[in-house]
Amino acid sequence: MVEEVVSSSPPSAGKKASRQPVPLSQVSTDAIARESTGIDEVDRVLGGGIVPGAFVLLGGDPGIGKSTLLLQIAAHVSQRGPVLYVTAEESEVQTRIRAERLGVNSDNLYLLAEGNIQIITEAMKSQSWLMAVVDSLQTAYNPGLESAPGSVAQVRDVASQLMRVAKQGCPVFLVGHVNKEGSMRPAA
Ligand SMILES: Nc1ncnc2c1ncn2[C@@H]1O[C@H](COP(=O)(O)OP(=O)(O)O)[C@@H](O)[C@H]1O
Ligand SMILES: [Mg+2]
């Protein structure tokens, strides 16, 4: 059994759809500026850099270097605009200490030590970020759900809310821990 939140505002059925299907050949890619992560190999994996609306899940064993890599990328991208780094695992001070160790610093890099997905998505929508990092999928939570952070219901809810924000334009990098079985799926 999986717990679901009943939405208070039902999807606006009957409302005129604002989006219409478009032929693939007419989708313009001219205006798409790919943002470099500052690391060639990461750019290559992303197909040349970060595109608006990108939703990237960075999975790996605990301690493999996910937070470190994303802090480096966030600091690099913040040279060209505001970047939001949400950490639900570490405090702002811990992240600052890591940044100092990495030799990165930027007034355009904003830290939010928060796990509540409502506060996280509000911060993400509060201004036009060049990029946002959420660390991690398993520690962010919806307080409207009774199950613990990291449970199937929580992970599904958090991921879908972040995906929705990403599709509005703000590229999102989401950290996901991989368990001993090599899976990102929580034990049900
Ligand atoms: N590329 C790297 N080379 C060497 N050590 C690293 C590298 N990336 C991270 N580390 C070190 O590994 C440890 C765990 O990194 P961290 O980013 O916290 O991992 P995760 O977020 O995946 O749990 C830290 O002490 C960090 O300094
Ligand atoms: Mg980490």
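This is a predicted model: local features need pLDDT of at least 70, side-chain atom pairs count only at pLDDT 80 or more; totals for chains, interfaces and linings use all residues.

Modeller: The axes of α4 and α5 come within 10 Å and cross at roughly 10°. Axes here are lines fitted to C-alpha atoms, for helices over the stretch in contact, and angles run from 0 to 180 degrees between N-to-C directions. Helices (H or I, at least four residues) and strands (E, at least two) are DSSP runs, numbered from the N terminus.

Biologist: Which residues in α4 and α5 meet?

Modeller: From α4, Ile 117, Ile 120, Thr 121, Met 124 and Lys 125. They meet Asp 157, Val 158, Gln 161, Leu 162 and Val 165 in α5. Contact means heavy atoms within 4.5 Å. The residues of this contact divide into six nonpolar, two polar and two charged.

Biologist: Which residues of α4 are buried?

Modeller: Ile 117, Ile 120, Thr 121, Ala 123 and Met 124. Buried means under 20% relative accessible area, exposed over 50%, partly exposed in between (1.4 Å probe, protein chains only).

Biologist: Where do they sit around the axis of α4?

Modeller: The buried residues of α4 fall within an arc of 160° seen down the axis, so they line one face of the helix. The arc is that of the directions from the helix axis to the C-beta atoms. Glu 122 and Lys 125 are exposed on the face turned away from the buried side of α4. Cover for the buried residues of α4 includes β2, β3, β4, α5 and β5.

Biologist: Now the core. How many residues has the largest nonpolar core?

Modeller: It has 19 residues. Leu 84, Ile 120, Met 124, Val 134, Val 158 and Leu 162 have the most contacts inside it. A nonpolar core is a set of buried Ala, Val, Leu, Ile, Met, Phe, Trp, Tyr and Cys residues joined through side-chain atoms within 4.5 Å. Two or more residues each come from β2 (83-87), α4 (117-125), β4 (131-135), α5 (152-167) and β5 (172-177). The largest share, five residues, is from α5.

Biologist: What does Leu 162 touch?

Modeller: Leaving out residues up to four places away in sequence, Leu 162 touches Phe 55, Ile 117, Ile 120, Thr 121, Met 124, Val 134, Val 172 and Leu 174. Another core of 18 residues lies apart from the largest one, with Ala 75, Tyr 85, Leu 109 and Val 133 among its members.

Biologist: Switching to α2 and α3. At what angle do they pack?

Modeller: About 70°, with the axes of α2 and α3 11 Å apart. That makes α2 roughly perpendicular to α3. Ser 67, Thr 68, Leu 71 and Gln 72 of α2 make the contact with Thr 95, Arg 98, Ala 99 and Leu 102 of α3. Those contact residues are three nonpolar, four polar and one charged.

Biologist: And which α3 residues are buried?

Modeller: Thr 95, Arg 98 and Ala 99, in a helix that runs over residues 92-102. They cover an arc of only 100° around the axis, which puts them on the same side of α3. Val 93 and Arg 101 are exposed on the face turned away.

Biologist: Buried or exposed, Thr 95?

Modeller: Thr 95 is buried, at 2% relative accessible area. Apart from residues up to four places away in sequence, Thr 95 touches Leu 71, Tyr 85, Thr 87, Glu 90 and Leu 111.

Biologist: Last one. Where is Leu 130 found?

Modeller: In the loop between α4 and β4. Leu 130 counts as partly exposed, at 26% relative accessibility. The C-alpha atoms of Leu 130 and Cys 170 are separated by 6.4 Å, though the two are 40 residues apart along the chain.

Methods:
Residues are numbered from 1 along each chain as its sequence is written. Chains are lettered from A and ligands numbered from 1 in the order in which they are written. Side-chain values use heavy atoms; hydrogens and water are left out. Angles under 35 degrees count as roughly parallel, over 145 as roughly antiparallel, 65 to 115 as roughly perpendicular and the rest as oblique. Ala, Val, Leu, Ile, Met, Phe, Trp, Tyr, Cys and Pro count as nonpolar, Asp, Glu, Lys and Arg as charged, and the others, Gly among them, as polar.
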